[in-house]
Amino acid sequence: MRTKGKIVVLILLTVTIAFLHFLVPTDRHTFHILHIILRKLYFLPPVMAAVWFGLRGAVHVTLSISVLFSFHAILDWPENYMEQANQWGELVSFWAVGLVAGLLFQRERALLRDLLRANEETLLGLVSALDMKEHNTNLHSQRVRKYTLLLADKFGFDETGKRAIGFGALLHDVGKIAVPDEILLKPGTLTDEEQKVMRNHPSAGYGIVNRIEFLREAAEIVHAHHERFDGSGYPRGLKGEDIPLGARLFAVVDVYDALTSARPYRPAMSHEEALIEIKKGSSRHFDPKAVDAFLAIPREELNTA
Ligand SMILES: [Fe+2]
């Protein structure tokens, strides 16, 4: 659920509990039980806010509850100081639960962030080593991840989707670890047999990445990063929208980065020359929507000479 949806749920839940609690009388036993149950339900929104938004969320919701609950304590029990003391005691327990849950989930979120960062740094180390071997620079995978994320922004991916696309772009060539150096680093044209070995790298990469649970979605991009929009790619010959969108976006970016990087057998193309090549590949190699979105990225956001 998105942030706005979570806020709406919290507001609706809090207002509904407060409204029913205020309306249900206490002067018959059956009603009184219901009234007390509704009072206990006030614990729900602060805990939910803590889970979704950490300490800040829990404090905001508990504050709102305190205002609504205070109306009830003052208006429903005029001059009954014993009962009002009981209500104020309950109010303090809302704060105790809200603050403890808020602090715990805040800590959990921080630990999760550290874990994600550690995972990312480990993967960066791995792909940097691979890049260094094949491209003599450790920046190729990081650049294509950055450009793919710029494209993903234009296609409305949420944070989880963007994280998967980012990891997919970063790890796209991890399967080349299974390609022998004499083929991977061969300066000349590959023989048919060598090409077959080389073309196995998306499937090999998929086999590696798909074993890691939090990278399952990214694995689909690794598997499909050499597919072409017209179905002439490999390894599965997927066509059009059968290719995962992340892989369709990545394909444009990968070719752009390859064209604008120098190779031993040719100099780097300029940004403008590379865009002409990308346009030529629209609808054949690339999804035309991905090409249009890429062409709309401001020049200064792409680190080319
Ligand atoms: Fe590749």
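Trainee: Which residues of helix α1 are buried?

Mentor: In this predicted model, the buried residues of α1 are Leu10, Thr14, Ile17, Ala18 and His21. Here, a residue is called buried if 20 or more other C-beta atoms lie within 10 Å of its own.

Trainee: How do you know where these buried residues of α1 fall, seen down the axis of the helix?

Mentor: They fall within an arc of 95°, and therefore they line one face of the helix.

Trainee: What covers the buried residues of α1, and which exposed residues does the face turned away carry?

Mentor: The cover includes α2 (29-41) and α3 (44-76). The face turned away from the buried side carries Lys4, Gly5, Val8, Leu12, Thr16, Phe19 and Leu23, which are exposed.

Trainee: How do you know whether the span of α1 agrees or disagrees with what 21 residues should give?

Mentor: At 1.5 Å a residue, residues 3-23 should span 30 Å. The end C-alpha atoms of α1 are 30 Å apart, so the two values agree.

Trainee: What class does valine 179 receive, with 19 C-beta neighbours inside 10 Å?

Mentor: Buried would need 20 or more, and exposed 12 or fewer. With 19 neighbours, valine 179 therefore counts as partly exposed. Valine 179 is in the loop between α6 and α7 (181-184). Leaving aside residues up to four places away in sequence, valine 179 touches Leu184, Val197, Met198 and His201. Asparagine 200 is 21 residues from valine 179 in sequence, with 8.3 Å between their C-alpha atoms.

Trainee: What kind of peptide bond joins tyrosine 234 and proline 235?

Mentor: It is a cis peptide bond, with omega about 10°. Proline 235 is placed in the loop between α10 and α11.

Trainee: Which residues touch the most other members of the largest nonpolar core?

Mentor: In that core of 37 residues, they are Ala218 and Val252. At least two residues of this core come from each of α5 (140-154), α6 (159-170), α9 (201-209), α10 (216-224), α11 (245-259), α12 (271-280) and α13 (288-295). The helix that gives the most is α11, with 9 residues. Apart from this core lies another, of 13 residues, including Leu10, Ile17, Ala49 and Ala50.

Trainee: Which residues does alanine 218 touch?

Mentor: Not counting residues up to four places away in sequence, alanine 218 touches Ala164, Phe167, Gly168, Leu171 and Val209.

Trainee: How do you know how the protein as a whole compares with a compact globule?

Mentor: The protein has 13 helices and 0 strands. Its radius of gyration is 28 Å, well over the 19 Å that the globule rule gives for 305 residues, so the protein is more spread out than a compact globule. The C-alpha atoms fill a box of roughly 95 × 35 × 35 Å along the principal axes. Buried residues make up 28% of the 305 residues.

Trainee: Which domains does the domain assignment give, and how many Å separate their centres?

Mentor: The assignment gives domain 1 (3-110) and domain 2 (139-301). Their centres, taken over C-alpha atoms, are separated by 51 Å.

How values were computed:
Residues numbered from 1 in each chain as written. Predicted model: local features only at pLDDT ≥ 70, side-chain atom pairs only at ≥ 80, totals over all residues. Core = buried A, V, L, I, M, F, W, Y, C linked by C-beta atoms within 7 Å. Helix = DSSP H or I, 4+ residues; strand = E, 2+ residues; numbered from the N terminus. Contact = placed C-beta atoms within 7 Å. Domains from an automatic or database assignment. Expected span 1.5 Å × (residues − 1). Arc of directions from axis to C-beta. Rg over C-alpha atoms; globule rule 2.2 N^0.38 Å.
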